[in-house]
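Please look at the sequence and the model below before reading on. The paragraphs that follow lead through it one part at a time.

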Amino acid sequence: FRKEILGGLRFKVGIYHEDALFTPQLMLRARTLSTTKSEAYFYRQHPGTIMSTRDVIHIQRRLDDSVIVLKELQQLSRSLIGKERQAIERCIDQQVMVYIYYIVVLTHSYHDLRHRTSELRAYGMFPMPLKRYTYKYLIFALATRLIF
């Protein structure tokens, strides 16, 4: 992307998953977007990265920071209208799906799952809306409704 698009937009310092907050805002600033079917984004797995560290404190921080990102995106969506608002709401919905998945995979705790989905409910992010963004999203949203 062009440097001029950034303006004052910067990564939020001190949180994990800052790209999940930065990227949607960057995309809103672009006049045009292009898509490709090319696989151009790969995660490199290294010991000690935020994605591979499994200690409880680290996991809790990752999950807590994910909520910070979700809340900031929600605040942003309230300031938008039309297609821009729809785009950020879709981003939020899909990030909620990833967040719930990580709660299950990283904590293996039904108590954590109940507690954290209750928090999402308080912010109006749960239950996930039944939208057909992708087949995987719709199945996940339905499954979470059956569980809760």
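Where does R44 lie? R44 lies in the loop between α1 and α2; helices (H or I, at least four residues) and strands (E, at least two) are DSSP runs, numbered from the N terminus. The model is a predicted one, in which local features need pLDDT of at least 70 and side-chain atom pairs count only at pLDDT 80 or more, while totals for chains, interfaces and linings use all residues. Residues are numbered from 1 along each chain as its sequence is written, and side-chain values use heavy atoms, with hydrogens and water left out.

R44 counts as exposed because its relative accessibility is 70%; buried means under 20% relative accessible area, exposed over 50%, and partly exposed in between, with a 1.4 Å probe and protein chains only. R44 and S79 are 35 residues apart along the chain, and their C-alpha atoms are separated by 35 Å.

The helix pairs come next. Two packed helices are described by the angle between their axes and the distance between the axes. Axes are lines fitted to C-alpha atoms, for helices over the stretch in contact, and angles run from 0 to 180 degrees between N-to-C directions.

Helix α1 covers residues 18-29, and its axis lies 11 Å from that of α3, at an angle of about 160 degrees. That angle makes α1 roughly antiparallel to α3. Under the cut-offs used, angles under 35 degrees count as roughly parallel, over 145 as roughly antiparallel, 65 to 115 as roughly perpendicular and the rest as oblique. The crossing of α1 past α3 is right-handed; a crossing is left-handed if the near helix is turned anticlockwise from the far one by less than a right angle, and right-handed if clockwise. On the α1 side A20, P24 and L28 take part, and they meet E84, I88, C91 and Q95 in α3, where contact means heavy atoms within 4.5 Å. By class, this contact of α1 with α3 has 5 nonpolar, 1 polar and 1 charged residues. Here Ala, Val, Leu, Ile, Met, Phe, Trp, Tyr, Cys and Pro count as nonpolar, Asp, Glu, Lys and Arg as charged, and the others, Gly among them, as polar.

Helix α2 (residues 56-78) also packs with α3, at an angle of about 165 degrees and with the axes 10 Å apart. α2 is therefore roughly antiparallel to α3. α2 passes α3 in a left-handed crossing. The residues of the contact of α2 with α3 divide into 15 nonpolar, 6 polar and 4 charged.

I92 is found in α3. With a relative accessibility of 6%, I92 counts as buried. Not counting residues up to four places away in sequence, I92 touches L70, L73, Q74, S77 and M125. I92 and V69 are 23 residues apart in sequence, and their C-alpha atoms are 9.0 Å apart in space.

The axes of α3 and helix α4 (residues 110-122) come within 10 Å and cross at roughly 160 degrees. This makes α3 roughly antiparallel to α4. The contact is made by V96, Y99, I100, I103, V104 and T107 of α3 together with D112, L113, R116, T117, E119 and L120 of α4. By class, the contact has 7 nonpolar, 2 polar and 3 charged residues. α3 passes α4 in a right-handed crossing.

T107 is in helix α3, which covers residues 82-107. Is T107 buried or exposed? T107 is buried, because its relative accessible area is 17%. Leaving out residues up to four places away in sequence, T107 touches I59, Q60, L63, Y102 and D112. A polar atom of the T107 side chain lies 2.5 Å from the backbone oxygen of I103.

The last topic is the backbone. Most residues other than glycine have a negative phi, and most peptide bonds are trans. H108, in the loop between α3 and α4, has a positive phi near 50 degrees and is not a glycine. H108 counts as exposed, at 69% relative accessibility. H17 lies in the segment before α1 and has a positive phi of about 65 degrees, although H17 is not a glycine. H17 counts as buried, at 17% relative accessibility. F126 and P127 are joined by a cis peptide bond, with omega about 5 degrees. P127 is found in the loop between α4 and α5 (135-147).

Conventions: Polar contact = N/O pair within 3.5 Å; in protein donor to acceptor, adjacent residues only side chain to side chain.
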